[in-house]
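Subject: Structure handover

Hello,

Here is the structure for you to look at. Please open it beside this email and follow along.

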Amino acid sequence: LVPLPLVPLLALHTCQGLAPCLPEEGQVNTSGPRLLLATLHPASSSSRAMDRIFSASLLSLLLLLQSYGVCGTPPQPRGTLCRTKPTDLVFIIDSSRSVRPHEFEKVKVFMSRVIEGLDVGPNSTRVGVINYASTVKNEFSLKTYQSKAGLLQAVRRVEPLSTGTMTGLAIQFAISRAFSDPEGARVRSPNVNKVAIVVTDGRPQDGVQDVAARARAAGIELFAIGVGRVDMHTLHQMASQPLDEHVDYVESYSVIEKLTHKFQEAFCVVSDLCATGDHDCEQLCLSSPGAYKCACKEGFTLNSDGKTCTACSGGLGSALDLVFLIDGSKSVRPENFELVKKFINQIVDSLEVSDKQAQVGLVQYSSSVRQEFPLGQFKNKKDIKAAVKKMSYMEKGTMTGQALKYLIDSSFSIINGARPGVPKVGIVFTDGRSQDYITDAAKKAKDLGFKMFAVGVGNAVEDELREIASEPVAEHYFYTADFRTISKIGKKLQMKICIEEDPCECKSIVKFQTKVEDLINSLQR
């Protein structure tokens with residue numbers, strides 16, 4: 001469900017896929033040993049993660065929309081440096097009877113994907129796998145395989161046990177045996193992380209609180225990730241503080257791969273390429289985690305090559321008719337709906353709102369469609385933001401097709417404030433499968449020349465997002481599950497949009513970039 005421009009969800013894509021993740025010789029990590037617990041629980045208990053998802057989606061679009069009125073090509077990632085930390089990594093995999101065979105295969109794919117992003121070797125990352133149900137089976141130890149190919153073949157051979165769920169017993173086995181010297185574990189030191197990823201889909205049949213506390217006391221950092229019907233209290237008992245950084249989840253095994261990159265990130269060490277001079281920027285080099293981007297001095301615009309600059313004569317900017325199409329179905333939940341409203345207003349804050357520049361409209365849909373306010377009704381940011389705050393939550397179903405038809409027939413009509421000859425942009429947010437047919441309306445919107453962006457959250461369906469999104473599809477739809485990817489996603493998409501403009505007919509990208517990065521930093525805090 002994750003298109004390539006958006007994949008830097010978590011870790012390995014700190015590397016941006018442009019450079020191999022290799023261990024940095026002599027690299028010292030002071031973070032200490034870590035134990036990652038992966039458990040899986042349903043979206044019904046996923047409020048905090050959904051908060052981050054909606055925040056992420058809206059901030060991405062903030063960057064996208066501003067690009068219609070920004071000068072030239074934005075600063076863009078030009079290089080990366082991602083090296084994996086030396087790690088003793090043990091997967092602890094629940095294969096109880098509640099995990100169906102095809103679901104267990106998904107867990108094996110998840111393990112393989114994490115391993116693929118690591119630098120495997122006796123002096124870098126060592127990997128072991130523990131399989132557990134009512135009993136514990138040591139599939140292979142940290143010392144067994146010293147190559148990535150050998151590990152991947154061994155993972156494919158793992159079979160489920162299909163009995164109970166003794167998670168506490170499995171964690172104790174990891175502490176007392178898997179991370180022992182005879183099994184290939186290295187002596188505890190700041191240079192080597194000790195990490196375990198525990199995957200379970202249900203409530204443990206034994207206690208986890210005491211054994212998790214012993215692990216933390218031994219300097220092991222505990223992460224909990226959940227799929228299916230997982231007891232959140234149990235996850236919190238296992239995880240280290242702060243919980244919002246150590247508890248993650250997906251609602252089903254079919255999307256567990258979305259968590260792959262987060263765990264790869266745990267082993268990634270990045271360097272400041274601007275400071276080392278390892279870049280090709282003509283004027284300014286701006287460092288970002290694991291990468292850098294080029295920018296230009298005031299009065300210049302970044303060229304399409306992403307590194308050279310051209311003097312800019314200035315201009316009046318571009319007009320834009322923007323309509324948000326917001327899913328207000330019951331699966332969103334009231335607290336997340338408030339978050340959506342908050343970030344719509346942050347987007348409005350970054351637009352130039354006037355009769356000659358940006359106009360904003362807002363439509364909410366669930367089982368029916370409701371226009372909150374049309375294009376041009378409000379002439380300034382203050383009035384738009386006040387109207388957004390007053391918007392009430394509809395709940396009920398998800399009639400995305402009906403909402404798209406309304407967007408075409410009403411929202412972008414002249415009678416509702418749309419301006420002839422002005423670019424039309426529709427942003428569709430949805431957190432689930434549409435309950436009606438969307439194909440005809442989605443096609444018509446694009447045939448009419450509307451620029452359509454599709455943002456999928458939670459249980460959104462890839463095929464539906466693709467149908468809604470404009471061409472090239474990969475640049476106009478995305479599914480996001482973690483807030484930390486948004487700055488990279490937004491900058492890439494912003495570059496693709498703004499390259500269509502005359503680089504000297506809009507404002508400086510650097511000022512806008514700074515504003516958005518400040519917002520992102522504030523949210524992370």
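Cys 281 and Cys 294 form a disulfide, with their sulfur atoms 2.0 Å apart in this predicted model. A disulfide is a covalent bond between the sulfur atoms of two cysteines. The count comes to one disulfide. The angle about the S-S bond is -80°, and the link of Cys 281 and Cys 294 is left-handed. Cys 281 sits in the loop between helix H9 (273-276) and strand S12 (284-288), and Cys 294 sits in strand S13 (residues 291-295), so the pair ties together parts 13 residues apart in sequence. Are these two cysteines buried or exposed? Both Cys 281 and Cys 294 are buried.

Next, the aromatic rings. The structure holds four aromatic pairs. One of them joins Phe 337 and Tyr 393. That pair is stacked, at 4.9 Å centre to centre and 25° between the planes. It links distant parts of the chain. Phe 337 is in helix H10 (residues 334-349). Tyr 393 is in the loop between helix H11 (381-390) and helix H12 (400-411), 56 residues apart from Phe 337. Phe 337 is buried, with a relative accessible area of 1%. Tyr 393 has 17% relative accessibility; the cut-off for buried is under 20%, so Tyr 393 counts as buried too.

Phe 412 and Phe 450 also pair. Their ring centres are 4.6 Å apart and their planes lie at 55°, so this pair is tilted. Phe 412 lies in the loop between H12 and strand S19 (424-430). Phe 450 lies in the loop between helix H13 (439-447) and strand S20 (451-456). The pair therefore ties together parts 38 residues apart in sequence. Phe 412 is buried at 8% relative accessibility, and Phe 450 is buried at 10%.

Now look at strand S8 (residues 193-200). Eight of its eight residues are buried. Both faces of S8 are covered. Asn 193, Val 195, Ile 197 and Val 199 are on one side, and Lys 194, Ala 196, Val 198 and Thr 200 are on the other. Strand S5 (residues 87-94) runs parallel to S8, and seven bridges join the two. Phe 91 has Ile 197 as its bridge partner in S8.

The structure holds two cavities of 30 Å³ or more. The second largest cavity has a volume of about 40 Å³. Which strand gives the largest share of its lining? It is S6, with three residues. The lining has six nonpolar, three polar and one charged residues. Among them are Val 90, Phe 140 and Glu 183.

Best wishes

Definitions and conventions. Residues are numbered from 1 along each chain as its sequence is written. This is a predicted model: local features need pLDDT of at least 70, side-chain atom pairs count only at pLDDT 80 or more; totals for chains, interfaces and linings use all residues. Side-chain values use heavy atoms; hydrogens and water are left out. A disulfide is a pair of cysteine sulfur atoms within 2.5 Å. Helices (H or I, at least four residues) and strands (E, at least two) are DSSP runs, numbered from the N terminus. Buried means under 20% relative accessible area, exposed over 50%, partly exposed in between (1.4 Å probe, protein chains only). On a 1 Å grid over the protein atoms alone, a cavity is a set of points where a 1.4 Å probe fits but cannot get out, and a pocket is an open set with protein on both sides within 12 Å along at least five of seven lines; lining residues have an atom within 4 Å of a point. Grid points are joined across faces, edges and corners, and a volume is the space filled by probe spheres set on the points. Ala, Val, Leu, Ile, Met, Phe, Trp, Tyr, Cys and Pro count as nonpolar, Asp, Glu, Lys and Arg as charged, and the others, Gly among them, as polar. Two strands pair if DSSP finds at least two bridges between them. Rings of Phe, Tyr and Trp (its six-membered ring) pair if their centres lie within 6.5 Å; planes under 30 degrees apart count as stacked, over 60 as edge-to-face and the rest as tilted.
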